[in-house]
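With the model open in your viewer, follow the stops below in order, selecting each residue or element as it is named.

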Amino acid sequence: MPVSDQETVALGRCPRYHPQEVRFGLQQILEPFGGIDALIRPGQKVLLKPNLLSAASPAEAVTTHPLILRVMTELIHERGGKVFIGDSPGNDSQEKAHHICGIQEVIEQTGAEALDFSNTIHKQVQGYREWNIPLAADLDQVDMVINMAKLKTHSLTGLTAAVKNIYGCVPGKNKVRFHFEYPLPGDFSRLLLDVYYAVKPAFSIIDAVIAMEGTGPRRGNPRRVGLLMASPNALALDNVAANVVGFRSDQVTTLAAAGELNLPGSVFSAISVRGVKLEKCRLTDFDKGPVSNGRLSRLIALLPFARIRNLFAGRRPYPRVNKDLCSGCGVCYETCPAQVIDFTGSIPDIDLDGCIRCYCCQEFCARGAIELNNTKRFFLL
Ligand code: SF4
Ligand code: SF4
């Protein structure tokens with residue numbers, strides 16, 4: 001790309017999911033970086049990596065809207081590139097997610113190809129530590145990755161947008177395993193940064209036409225923001241997205257973790273915003289969700305010594321099952337990385353003493369029957 005400034009973010013208006021408005025919005029956010037011609041070379045194989053957290057209809061605002069993917073695919077094909085679409089959903093099969101999220105239709109309409117994210121390769125990275133990260137083997141088939149994220153609140157990290165979206169490049173159950181190995185928001189966020197730098201998407205776009213507020217990332221409420229956002233730097237992009245919906249950078253744990261290392265994009269004041277003026281986009285009444293006020297616990301979670309962190313870990317809320325909403329499907333039991341959910345009765349029973357508060361159960365409960373509750377106790381020693 002001609003733009004070397006990794007701390008530039010573009011904002012474009014897109015009031016609704018209408019083909020012409022999406023096309024105009026995408027062109028508007030690509031323009032400061034030289035447009036689609038600067039991003040794509042003819043013949044390039046391009047992976048569009050959407051957020052396909054679970055098999056949810058586009059109206060629920062859980063996943064990247066298929067129209068954004070369709071128009072981006074058309075722009076790349078018009079330029080002579082070849083589009084692939086791939087993600088590893090958290091719990092559902094890729095095939096089921098493609099059908100219900102509207103991706104299958106995009107594939108059939110545009111001639112894009114689905115990439116299979118079920119096979120694993122290991123890539124050595126030197127991030128917070130040197131280690132081998134499991135990634136989808138099919139990433140090796142493409143020349144570049146374009147990150148197509150959705151803006152949503154998130155119980156563990158505050159906000160999920162461009163950096164966290166790349167976590168879907170970790171195949172299947174590895175994602176659940178990492179939740180168990182890195183239960184605290186700060187540790188998990190450092191892992192997310194390592195995955196992001198291992199995949200290194202060339203460009204990131206956030207679908208914030210309809211975002212999710214409240215109890216995200218699965219059961220929050222759709223909220224019209226009317227924006228598309230883009231940057232070569234996902235950290236800068238997330239920083240601006242956070243600002244638009246009223247989060248401080250330190251309330252988003254991936255940004256706080258990046259700030260520890262002074263990574264490009266982690267300092268909000270250093271970011272240049274192009275396109276729509278930021279002051280005209282800011283929302284003052286966006287519902288930041290049940291853990292949004294936990295600034296102290298987020299900062300504590302970033303402390304370097306686990307022993308000190310654990311002293312304060314009890315400040316994070318606990319999950320509880322709302323028996324009136326629970327259908328007894330067992331998904332929470334299957335996805336709990338700590339295996340502390342007993343399902344011998346018709347309704348799950350959570351052993352809070354063993355719960356690591358990763359909130360996977362809340363994330364994958366399609367009924368919204370897992371609620372987060374602050375009241376169990378103040379300290380967990
Ligand atoms: S709490 Fe949710 S995921 Fe768990 S059994 Fe009930 S409905 Fe299913
Ligand atoms: S009960 Fe829920 S929050 Fe607790 S460890 Fe299991 S999945 Fe995570």
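Begin by selecting Arg367, which counts as partly exposed because it has 15 C-beta neighbours inside 10 Å, a count that falls between the limits of 12 or fewer for exposed and 20 or more for buried. Bear in mind throughout that this is a predicted model. Arg367 sits in the loop that runs between helix H14 (360–364) and strand E15 (370–373). If you set aside the neighbours within four places in sequence, the contacts of Arg367 are with Leu325, Cys326 and Ser327. For a distance across the model, draw a line from the C-alpha of Arg367 to that of Pro134: the two residues are 233 apart in sequence and 31 Å apart in space.

Next, select Cys326, one of those contacts of Arg367. Cys326 lies in the loop between strand E12 (318–321) and helix H13 (331–335), and it is partly exposed because 17 C-beta neighbours lie inside 10 Å. Beyond four places in sequence, Cys326 is in contact with Val321, Ile347, Arg367 and Ala369.

Finally, move to helix H3, residues 66–79, whose 14 residues reach 20 Å from the first C-alpha to the last, close to the 20 Å expected at 1.5 Å a residue. Colour the buried residues of H3, among them Pro66, Leu67, Ile68, Leu69 and Ile76, and then step just past the helix to Gly80, where phi is positive, at about 100 degrees.

How values were computed
Residues numbered from 1 in each chain as written. Chains lettered and ligands numbered in written order. Predicted model: local features only at pLDDT ≥ 70, side-chain atom pairs only at ≥ 80, totals over all residues. Helix = DSSP H or I, 4+ residues; strand = E, 2+ residues; numbered from the N terminus. Contact = placed C-beta atoms within 7 Å. Expected span 1.5 Å × (residues − 1).
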